[in-house]
There are 2 protein chains.
Amino acid sequence: MTTPSRADIEAAAARIAPHLRRTPVMRVHGRDLGLDLPLILKLELLQATGSFKPRGAFNRMLSTTLPAAGVVTASGGNHGAAVAYAARALGVRAEVFCPTITPPAKTSRIEGYGATLHRVGAVYDEAREASEARAAETGALLVHAYDQAEVLAGQGTVAREMEQDAPEATHVLVATGGGGLIGGIAAWFAGTPTQVISVEPAACPTLHDALRAGRPVPSPVGGIAADSLGPRQVGGVMFEVAKHHVAEAVLVSDEAIRDAQRRIWQGLRLVAEPGGAAALAALTSGAWTPPPGARVAVVVCGANTDPASVA
Amino acid sequence: MTTPSRADIEAAAARIAPHLRRTPVMRVHGRDLGLDLPLILKLELLQATGSFKPRGAFNRMLSTTLPAAGVVTASGGNHGAAVAYAARALGVRAEVFCPTITPPAKTSRIEGYGATLHRVGAVYDEAREASEARAAETGALLVHAYDQAEVLAGQGTVAREMEQDAPEATHVLVATGGGGLIGGIAAWFAGTPTQVISVEPAACPTLHDALRAGRPVPSPVGGIAADSLGPRQVGGVMFEVAKHHVAEAVLVSDEAIRDAQRRIWQGLRLVAEPGGAAALAALTSGAWTPPPGARVAVVVCGANTDPASVA
């Protein structure tokens, strides 16, 4: 299984740039979030479609010849919206399989971008099985939500932009579900002094459990971020990166995530979905304490939720 | 009445930098907002306190010796929140006079930052009279919401950052109420080829009416953006700038503003208050059409509203 190199991520960045936004980095006083350290925020929730996911989706779809049957995927919602958006931009059909926990903020995007939505199963992995069967049946290209090298390379472009825009960062906090985002980010920072820290809900502890077991293993799937961080286990490609290049895997409670969502609204006037607020929750809950002198960067990675839920 | 120079705005930028955020510029495909041109967005709604206002408030308060009685101001809400935030940071008392139309999203900020809130009058100008009487009584420093040169110079730092971060912009769309923001921006761009376009609700047409009359004149105050764009007339300081350096004064309907708020949420996952969405509404409603070859920048300047209102 090939893990992406810096060169792969550079190539991905060039491939996807015409289609996507360069999201901002913003520096803020921690006191506006109830913290006593300055923070660097990568505002990836402002990416087209409301999450980082189209980076990987476009890179996968632009790395091959797209079949006449188009593309098929499974998703808790954000990746499905990204594939739908990319398929519309590239002029191909898309079918997206979502579990029943996918919220309306996400299914409306998928359908709004013109994809065909199928609701299958209670959680992501059941939808994934249905999507794989469908791709085998139609000959469509399967665009995996996290476990493909091209997807990781696309997500890794987040780290490339952060290094350019905030070279002072010593630690980067990233939410982990299936691990495509943190896998891409850790692949970029491999061999640099920048430490990559994984943050997961205690209710979805995939990377935490995998690092302890020494390999991807099934974990429970639950809690308020299960629609974005709820695969049953991390991907094999990301694990090859993470076992060497993720410094720590921190767990946070659902209460800490809700509190972080409220702080992000109150202090930044941004709407982060639970999975998008999880990385900050590691700091605001005290689950992770930066070492002295650290310059901490947080990836705020998704905004597809009911905005009334954060006030 | 002295209008701010570029040097005044440079001095303001140095003065306020330790206290405030450098807000991001983001480039987006217009199609995500239903437009067929690329856009440059200055995301000033992500400034501390949720609007551009602390730039002017800090610059005014850092340009003088603060009296023991602290500061007094009147505001539709955003400027009051900014003065309260600056007073807390600088360790002085603040009293803020707001009219009854000021929404909870703004009064809760004013009180949350520790200022004393007074509710006086139906619209901003009645609160302003009360604040002036209070300042005369207590000896507190009056921090005007828009009609002081230091306030304009502070708001002009928005333009300085835009010029650095998006030098390709040929036209800048800015919402006008009392005119502090556009006055500062037009003062910065005076003598450059960059055109500054004013956008106001048709229900609050202060600059439109002033440019037609050749001087600040009273206008109606109404509509959904009256809490941020609802002074009765533009300030005298800003008018000296605007009569030479604002290229056009466009009006938009309340319906166009609501539609722009929805597009900003749908396409950008940002929550803009009505006054913050007004500038974009000039484009999305067709009230203003860019000339061929224009590179248009839009200042999105405030986010203090109920997030449920934009979905």
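In chain B, four strands make up an open sheet with the order S5-S4-S3-S6 and parallel pairing, where strands are DSSP runs of E with at least two residues, helices are DSSP runs of H or I with at least four, both numbered from the N terminus, and two strands pair if DSSP finds at least two bridges between them. Strand S5 (116-119) and strand S6 (141-142) of chain B are the edge strands, each pairing on one side only. This is a predicted model, in which local features need pLDDT of at least 70 and side-chain atom pairs count only at pLDDT 80 or more, while totals for chains, interfaces and linings use all residues. Residues are numbered from 1 along each chain as its sequence is written, chains are lettered from A and ligands numbered from 1 in the order in which they are written, and side-chain values use heavy atoms, with hydrogens and water left out.

Within the chain B sheet, strand S4 (residues 94-98) runs parallel to S5(B) and is joined to it by four bridges; B:Val96, for example, has B:Leu117 in S5(B) as its bridge partner. H4(B) lies across S4 and S5 of chain B at about 145° to S5(B), whereas helix H5 (residues 124-138) of chain B lies across strand S3 (71-74), S4 and S6, at about 165° to S3(B).

Chain A holds an open sheet of six strands, ordered S1-S2-S10-S7-S8-S9, with mixed pairing. S1 and strand S9 (248-252) of chain A are at the edges with a single partner strand each, so one side of each has no neighbour in the sheet. On average, and with direction ignored, neighbouring strands of this sheet are turned by 25° against each other. Strand S8 (residues 195-201) of chain A runs parallel to S9(A), with five bridges joining the two, and A:Ile197 has A:Glu248 as its bridge partner in S9(A). Helix H12 (residues 274-284) of chain A lies across S2, S7, S8, S9 and S10 of that chain, and runs at about 160° to S10(A).

The two chains meet in a contact that takes 34 residues from chain B and 34 residues from chain A. About 2,600 Å² is buried between them, with carbon and sulfur atoms giving 51% of this area; buried area is the accessible area (1.4 Å probe) that two parts lose on being put together, summed over both. B:Arg21, B:Arg269 and B:Pro307 supply 26% of the area that chain B buries against chain A, more than any other three residues.

Residues of both chains also line the second largest pocket. Helix H11 (254-268) of chain A, together with helix H3 (78-90) and helix H4 (104-112) of chain B, each supply at least two residues of its lining. Of the 16 residues that line the second largest pocket, the closest to its centre are A:Asp32, A:Gln266, A:Gly267, B:Arg88 and B:Tyr113. Here a pocket is an open set of points on a 1 Å grid over the protein atoms alone where a 1.4 Å probe fits, with protein on both sides within 12 Å along at least five of seven lines, and lining residues have an atom within 4 Å of a point.

Technical notes
Axes fitted to C-alpha atoms, helices over the stretch in contact; angles between N-to-C directions. Contact = heavy atoms within 4.5 Å.
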